[in-house]
Amino acid sequence: MTKLDLAFTQQKFSKTTQHSSPSPQHDTSFMWGLLLLVSALLLLMKESVNSAYFFKINQTGQHFSPELLASITDMGNGVVTGSILVMILCFKPAWILRVLLAAAICLVMTHLLKNYFDAPRPAALLEQFNIIGDARHSKSFPSGHTATIFLLAGTAFLSSKRLLSRIFFVSLAITVGASRIAVGAHWPIDIALGAIIGWGSIYVASLICKERLLSARYQYLILTALLLLLGTLSALSKSEFPQMPIVDNIQRLYLLSAALCLYISYQLNRRNAGSNVINQSKT
């Protein structure tokens, strides 16, 4: 490890220990959130309740701009959520390994359950309802978009003590989840299970993997590689809203913002680490 790398790590370590995040085992509010999500899932297992909430939320969506709903629901897209996570991890580097593990758990669980149940989407069973974007007919249960956005919300919730930050990200996750119903892509029960998977994934990852501060070199290598992967996925994946170019433009804006945040973080911390090395050499 170089002197610059060591100074950088020492500086980050001191900041992390001063603002250590609460232990997930003792965060009762997080567990209450998980309990509420499980209760919602059990309630929505009754078909009449599931259908009633779908039509109520879907019809409410007709009062909003399609472009607005599409932009909100796309925040659950892995590219957008990943970009926001990169920005968070620039300030919470000790959570990099936890988030990577949680993302792997979330991805595997979501795809396994989607393929196992292969549940029909609203477009496969209903004729008259509000639908925005491309109509999909299979693999509805659970909602992948909701899982990823609740993974983001759970990460922000556990890694921060700030009440406003927690409220903001949880409210964002709920809004994105509801938007999946408003655009006609999912049933409410899909949203409930997706939320449980995303919320639970970061909890499990926090229990398995302790906060660990990697060296500066590995931090930025991992985040840069993640950002390049997200950019590649954005370029290769098919848009859910091809008739709304604003959605893709906003997605690129998130990627650009994450890249800019990563660059600024690197430059600032390299400068601060360099100053520490100079001060240490003088003493």
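Q: At roughly what angle do α8 and α10 cross, and within what distance do their axes come?
A: In this predicted model, the axes of α8 and α10, the latter covering residues 188-208, cross at roughly 40 degrees and come within 7 Å.

Q: Which residues make the contact?
A: On the α8 side they are T146, A147, F150, L151, A153, G154, T155, F157 and L158. On the α10 side they are I191, G194, A195, I197, G198, W199, I202, Y203 and S206.

Q: How do those residues divide into nonpolar, polar and charged?
A: The contact of α8 with α10 has 12 nonpolar residues, six polar ones and no charged ones.

Q: And the crossing, left-handed or right-handed?
A: The crossing of α8 with α10 is right-handed.

Q: Let us look at T146. Where is it?
A: T146 lies in helix α8, which spans residues 144-159.

Q: Why does T146 count as buried?
A: Its relative accessibility is 0%, and the cut-off for buried is under 20%, so T146 counts as buried.

Q: Which side chain does the T146 side chain make a polar contact with?
A: The partner is the side chain of S143, at 2.8 Å.

Q: What else does T146 touch, leaving out residues up to four places away in sequence?
A: T146 touches G177, R180, I191, G194 and A195. Among these, I191, G194 and A195 also belong to the α10 side of the contact with α8.

Q: Changing topic: how do α5 and α11 pack?
A: Helix α5 (residues 78-91) and helix α11 (residues 216-236) pack at an angle of about 165 degrees, and their axes are 9 Å apart. The two are therefore roughly antiparallel to each other, since the cut-off for that description is over 145 degrees. Their crossing is left-handed.

Q: Which residues meet there?
A: From α5, G78, V79, G82, S83, V86, L89 and C90 meet L223, L226, L227, L230, L233 and S234 from α11. These residues of the α5 and α11 contact comprise nine nonpolar, four polar and no charged.

Q: Now the whole protein: how many helices and strands does it have?
A: The protein has 12 helices and zero strands.

Q: What percentage of the residues count as buried?
A: Of the 283 residues, 48% count as buried.

Q: And what share of the contacts with a separation of 6 or more joins residues 24 or more positions apart?
A: Such residues account for 85% of those contacts.

Notes:
Residues are numbered from 1 along each chain as its sequence is written. This is a predicted model: local features need pLDDT of at least 70, side-chain atom pairs count only at pLDDT 80 or more; totals for chains, interfaces and linings use all residues. Side-chain values use heavy atoms; hydrogens and water are left out. Helices (H or I, at least four residues) and strands (E, at least two) are DSSP runs, numbered from the N terminus. Buried means under 20% relative accessible area, exposed over 50%, partly exposed in between (1.4 Å probe, protein chains only). A polar contact is a pair of N or O atoms within 3.5 Å; within protein, one must be able to donate a hydrogen and the other to accept it, and residues adjacent in sequence count only if both atoms are side-chain atoms. Contact means heavy atoms within 4.5 Å. Axes are lines fitted to C-alpha atoms, for helices over the stretch in contact, and angles run from 0 to 180 degrees between N-to-C directions. Angles under 35 degrees count as roughly parallel, over 145 as roughly antiparallel, 65 to 115 as roughly perpendicular and the rest as oblique. A crossing is left-handed if the near helix is turned anticlockwise from the far one by less than a right angle, and right-handed if clockwise. Ala, Val, Leu, Ile, Met, Phe, Trp, Tyr, Cys and Pro count as nonpolar, Asp, Glu, Lys and Arg as charged, and the others, Gly among them, as polar.
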